[in-house]
Amino acid sequence: MNDQAQRLRDLINKSRAERGETVAPTKQNLVSSPASNLKEEKLTFVPPVQKREDFGDARIITVTSGKGGVGKTNMTVNLSIALQSLGKRVSVIDADLGLANVDLALGMVSRYNLLHYIKQDMPAEQITMTGPLGLQVISGGSGLLDLVNLNDNEIVKLVNLLSILNKSSDYIFVDTGAGLNKSVLSFIEATKEVILVVTPDPTSITDAYAVIKNVNPVDKDIKIIVNMADSMKESSDVFNKLQIVADKFLGAKLTHLGSVPNDVNVRNGIRAQEPFYLKFPNTAASKNIREIANTLAQIEQKVGKTNSFKGFLKRLFS
Ligand SMILES: Nc1ncnc2c1ncn2[C@@H]1O[C@H](COP(=O)(O)OP(=O)(O)O)[C@@H](O)[C@H]1O
Ligand SMILES: [Mg+2]
């Protein structure tokens with residue numbers, strides 16, 4: 001554990017050094033600094049790291065589900081745009097390998113992804129697309145979830161990119177595939193705040209429960225969006241069912257973040273390759289997305305951004 005923590009600190013320092021930032025003096029970087037090879041060794045003064053200067057303050061929220069095809073991508077994209085229109089700065093990382101389609105939902109085409117940045121030194125700007133209202137979108141490729149296959153240098157680059165995003169965003173949404181995939185599960189483990197999208201379909205509910213069971217839910221903030229319910233009553237029934245079993249068997253307290261009804265304009269938006277929130281601002285789904293965005297922003301005002309980026313990195317690499 002200590003070794004891992006030290007490795008992470010080294011990686012983060014390396015990443016900051018590459019960005020031209022001051023690196024905190026640690027035993028290791030003092031020992032390995034060229035000055036230490038001199039006989040009459042004088043330790044150069046390195047200014048101490050200022051508090052909070054190294055990482056910004058984004059809320060990193062993983063969006064997942066038990067089962068695929070429940071509306072994660074469309075919820076993420078439209079919620080992001082709703083938050084942008086509240087003046088928040090939002091980034092979306094598309095991390096669904098099977099069906100990476102954040103860009104399609106936005107009517108954009110991404111030519112490059114995270115792997116071009118990590119493996120081929122492509123600049124961050126080149127893999128970042130700017131969507132409606134300034135929304136930032138990055139296609140994940142397999143880079144974000146497949147950490148075991150990255151070497152130290154590549155991890156430094158990933159940390160670099162995440163910290164750039166962290167500084168320039170209020171929210172970073174990571175749109176994953178279905179949550180029962182092993183690498184998705186380990187990514188969810190790293191994030192404190194999770195949005196779990198569920199539909200009234202019984203298998204969607206049981207699979208959502210399986211995700212909760214697999215991610216150590218007690219210290220997590222799991223927010224449920226019930227999508228495609230036919231009525232508010234059905235939506236709260238779905239939430240209650242899940243909450244009762246999650247509480248009883250796992251001690252997990254879930255939050256009902258909101259519901260989005262079955263709305264033909266969601267599909268019309270997809271067909272037109274335009275987010276429904278922009279194309280049909282007054283349709284039922286848009287009204288509910290607006291409510292969810294407001295709720296998220298209010299939570300932020302009340303409790304602050306409980307997500308620490310450093311904590312996220314620590315969990316991601318341990
Ligand atoms: N609220 C909704 N009302 C109607 N159809 C929806 C709604 N949400 C999602 N859909 C349908 O579900 C499909 C899958 O949505 P998508 O966001 O791609 O799911 P996921 O990312 O979970 O795989 C969409 O193509 C759309 O047809
Ligand atoms: Mg999707």
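Which backbone nitrogen does a side-chain oxygen of Asp 263 reach at the start of α11? In this predicted model, the side-chain oxygen of Asp 263 comes to within 2.8 Å of the backbone nitrogen of Asn 265. Helix α11 itself spans residues 264-272. Three of its residues, Asn 265, Val 266 and Gly 269, are buried. These three cover an arc of only 110° around the axis, which means that they sit on the same side of α11. The face turned away from that buried side carries Val 264 and Arg 271, both exposed. After α11 comes Gln 273, which has a positive phi, near 50°.

The protein chain as a whole contains 14 helices and 8 strands. It has 318 residues, of which 50% count as buried. When contacts between residues at least 6 apart in sequence are considered, 78% of them join residues at least 24 apart.

The 8 strands form an open sheet, in the order β3-β4-β2-β5-β1-β6-β7-β8, and the pairing is mixed. At the edges stand β3 (128-130) and β8 (254-261), each of which pairs on one side only. From one strand to the next, the twist averages 25°. Strands of a sheet pair through backbone hydrogen bonds, in either a parallel or an antiparallel sense.

Both senses of pairing involve β4 (residues 136-139). With β3, strand β4 pairs in the antiparallel sense over 3 bridges. The two strands form a hairpin with 5 residues between them, and Leu 133 in the turn has a positive phi of about 55°. Within this pairing, Thr 130 has Gln 136 of β4 as its bridge partner, and Met 129 stands opposite Val 137 of β4. With β2, strand β4 pairs in the parallel sense over 4 bridges. Here Val 92 stands opposite Val 137 in β4. Val 137 therefore faces Met 129 and also Val 92, given that a strand counts as paired with another once at least two bridges are found between them. Helix α7 (residues 152-168) lies across β2 (90-95), β4 and β5 (171-178), and runs at about 145° to β2.

Further along the sheet, strand β6 (residues 193-198) pairs with β7 in the parallel sense over 6 bridges. In this pairing, Val 194 stands opposite Ile 222 in β7. Of the 9 residues of β7, 7 are buried, so the strand is largely enclosed by the rest of the structure.

The loop between α9 (202-214) and β7 (221-229) holds Val 218. Is Val 218 buried or exposed? Its relative accessible area is 59%, and because the cut-off for an exposed residue is over 50%, Val 218 is classed as exposed. Leaving aside neighbours within four places in sequence, Val 218 is in contact with Leu 250 and Gly 251. Val 218 and Ala 252 are 34 residues apart in sequence, and their C-alpha atoms are 5.3 Å apart in space.

Ligand 1 has 15 residues around it, and those that come nearest are Lys 72, Thr 73, Asn 74, Asn 227 and Pro 261. A polar backbone atom of Val 70 is 3.1 Å from an oxygen atom of ligand 1. For Gly 71, a backbone N or O atom lies 2.9 Å from an oxygen atom of ligand 1. In the case of Thr 73, an N or O atom in the side chain is 2.9 Å from an oxygen atom of the ligand.

Asn 74, one of the residues that come nearest to ligand 1, belongs to helix α3 (residues 72-85). Its relative accessible area is 17%, and because the cut-off for a buried residue is under 20%, Asn 74 is classed as buried. Not counting residues up to four places away in sequence, Asn 74 touches Ala 105, Ile 270 and Phe 276.

Definitions and conventions:
Residues numbered from 1 in each chain as written. Chains lettered and ligands numbered in written order. Predicted model: local features only at pLDDT ≥ 70, side-chain atom pairs only at ≥ 80, totals over all residues. Heavy atoms only, no water. Axes fitted to C-alpha atoms, helices over the stretch in contact; angles between N-to-C directions. Contact = heavy atoms within 4.5 Å. Buried < 20%, exposed > 50% of the residue type's maximum accessible area, 1.4 Å probe, protein only. Arc of directions from axis to C-beta. Polar contact = N/O pair within 3.5 Å; in protein donor to acceptor, adjacent residues only side chain to side chain. Near = heavy atom within 4 Å.
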